[in-house]
Amino acid sequence: MSVHPHAGKPARPCDRINIARLTSDYFLLKPDVNVVSQRVSFGTSGHRGSTTKTSFNEHHILAISQAVAEYRKQHNFTGPLFLGKDTHALSEPAFASAISVLIANDVPVVIQEDEGFTPTPVVSRLIIEHNKYNEDQADGLIITPSHNPPSDGGIKYNPPHGGPAEGDITKLIEQRANEILANGLKDVVTMDFSEAMASPLLKKSDFIDFYTKQLAQVIDMDAISKAGIKIGVDPLGGSGIDYWPAIAKEYNLNIEVVNPVVDANFAFMTLDKDGKIRMDCSSPYAMASLIAMKDDFDVSVGNDPDFDRHGIVTPSGGLMNPNHYLAVAINYLFTHRKQWSADAKIGKTLVSSSLIDRLADKIQKPLSEVPVGFKWFVDGLADSSYAFGGEESAGASFLSLDGSCWTTDKDGFVMCLLAAEMIATTGKDPHQWYQELAADLGESSYGRVDAVASLEQKAVLSSLSADDVSQDTLAGEKILAILSHAPGNNAAIGGIKVVTENGWFAARPSGTEEIYKIYGESFISDEHLQTIFEEAKVLVGNAFKNAGL
């Protein structure tokens, strides 16, 4: 996709959505399960959609909430369900719908005490801490479409392990929710929202204080404070907006929130590459405002609306490529966390940079490469066999200082604070550390290209295998491996990865948008990467043609 002429520039009035219309469509439009795009569909991180497309409406949330309540009952989860929401416009009505169903089904629900916003990693930490000390198992729901445009809504389920639900769980919830929709919501047990909010089953708690006070277990907050690291924060209007001031106060940190605005239109954003408002903290276009302030701080950080992603901006290099920061973070953590087990693994998705592979070899740490989706790191983080789990889309988490589990979901807060700790303890910012790694292990040219794809084309792409690749070279190099399953756990990757000595590409369909993605990397040059992309497009195009599409 080419760069939109307004990419990186402030959103214009014409870029904003009609919030009132969006919200009314949530209640007025009714999905038809006979239309594939209107069914409940869990991608790599929950169900997402838009009310105007009849893919995220009241009926969807009522059905999903009922399915979750039934799943809890079937598995005897009697502990609290921690319910979080982000700042997207559709999160508020979906929050009300979920509470009305959950309470009516006798599910004990806990929400933020002021009915405010709750980030994804906070829900994960709440679940883990509760289940560590209580026999009644807790779980959670987070209402968020992540970094998606303001028109979108989303909801995702975290079972008692605290991380994203596995595919077999989401499949059960998805199937049951669609059955409920097909039956006209006859199986949904609900009650008036005001009655639900007055129910003794609904509890309120200070999640901000809880999470803030626990951060010293995972980050050397004293080092950051003593060094006086000046941190600029742009929450991008997200759910962690009230957390950063609390963190600064609790640990005496020099934090300036440069954008304290919450606006469901996200009108303060600069437009993303395609000209849309998208709160992607890994995009230089969406992060243009914070990048412009890079010289005002020792490090600047941004997050997406549910705070499970991170963006790192340094004076020396601007916005870091997410893969570069993952490598730097791994290098720093495995050389500064002395209490971690020597056998603990580095977890990476198979579309993350091969710089991580080279680094693992250098520091002699075991590496596990898994399919796209943070759910593949959950078990390893829970039992501390994985010290770090990271994915290419700027999402990661790692163990506590003592080697115990911190979260089993992505945590944008700790990845941002780690950058400040790095500067405080080493005197070098993450970009300077990356430059040293690149000089030693090779300079990486990494990128991703997207293309529009129908549901039928996405289905073809997800089932590709080595048999569909006839050539034996890629961009002038011998093909060393053709993967349809991840080497770390032998799980299907939902696409294909082709590897050479100095480059690779992976093609897979998006789980939430009508596009497919080609990831690629070269350790030779940018030109070599572009050749990889061109040959990858031909391969995917031939697959579509062979399928008659």
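**Charged pairs and a helix pair**

Modeller: Lys348 has a relative accessible area of 0%, so it counts as buried; please keep in mind that this is a predicted model.

Colleague: Which side chain does Lys348 meet in a salt bridge?

Modeller: Its partner is Asp357, with N and O 2.6 Å apart, and Asp357 counts as partly exposed because its relative accessibility is 23%.

Colleague: Which residues do salt bridges with shared partners join into one network?

Modeller: That network consists of Lys156, Asp306, Asp308, Glu391 and Lys410.

Colleague: And how many salt bridges does the structure hold?

Modeller: There are 26 salt bridges, and one of them links Arg125 to Glu129, where the closest N and O atoms are 3.3 Å apart.

Colleague: Are Arg125 and Glu129 buried or exposed?

Modeller: Both Arg125 and Glu129 are buried.

Colleague: Switching topic, at what angle do H11 and H12 pack?

Modeller: Helix H11 (residues 322-336) and helix H12 (residues 355-363) pack at about 15 degrees, with their axes 9 Å apart, which means that H11 runs roughly parallel to H12. Their crossing is right-handed.

Colleague: Which residues meet there?

Modeller: From H11 come Leu326, Ala327, Ile330, Asn331 and Phe334, and these meet Leu355, Ile356, Leu359 and Ile363 of H12. By class, that contact has eight nonpolar residues, one polar residue and no charged ones.

Definitions and conventions
Residues are numbered from 1 along each chain as its sequence is written. This is a predicted model: local features need pLDDT of at least 70, side-chain atom pairs count only at pLDDT 80 or more; totals for chains, interfaces and linings use all residues. Side-chain values use heavy atoms; hydrogens and water are left out. Axes are lines fitted to C-alpha atoms, for helices over the stretch in contact, and angles run from 0 to 180 degrees between N-to-C directions. Helices (H or I, at least four residues) and strands (E, at least two) are DSSP runs, numbered from the N terminus. Angles under 35 degrees count as roughly parallel, over 145 as roughly antiparallel, 65 to 115 as roughly perpendicular and the rest as oblique. A crossing is left-handed if the near helix is turned anticlockwise from the far one by less than a right angle, and right-handed if clockwise. Contact means heavy atoms within 4.5 Å. Ala, Val, Leu, Ile, Met, Phe, Trp, Tyr, Cys and Pro count as nonpolar, Asp, Glu, Lys and Arg as charged, and the others, Gly among them, as polar. A salt bridge is a side-chain nitrogen of Lys or Arg within 4 Å of a carboxyl oxygen of Asp or Glu. Buried means under 20% relative accessible area, exposed over 50%, partly exposed in between (1.4 Å probe, protein chains only).
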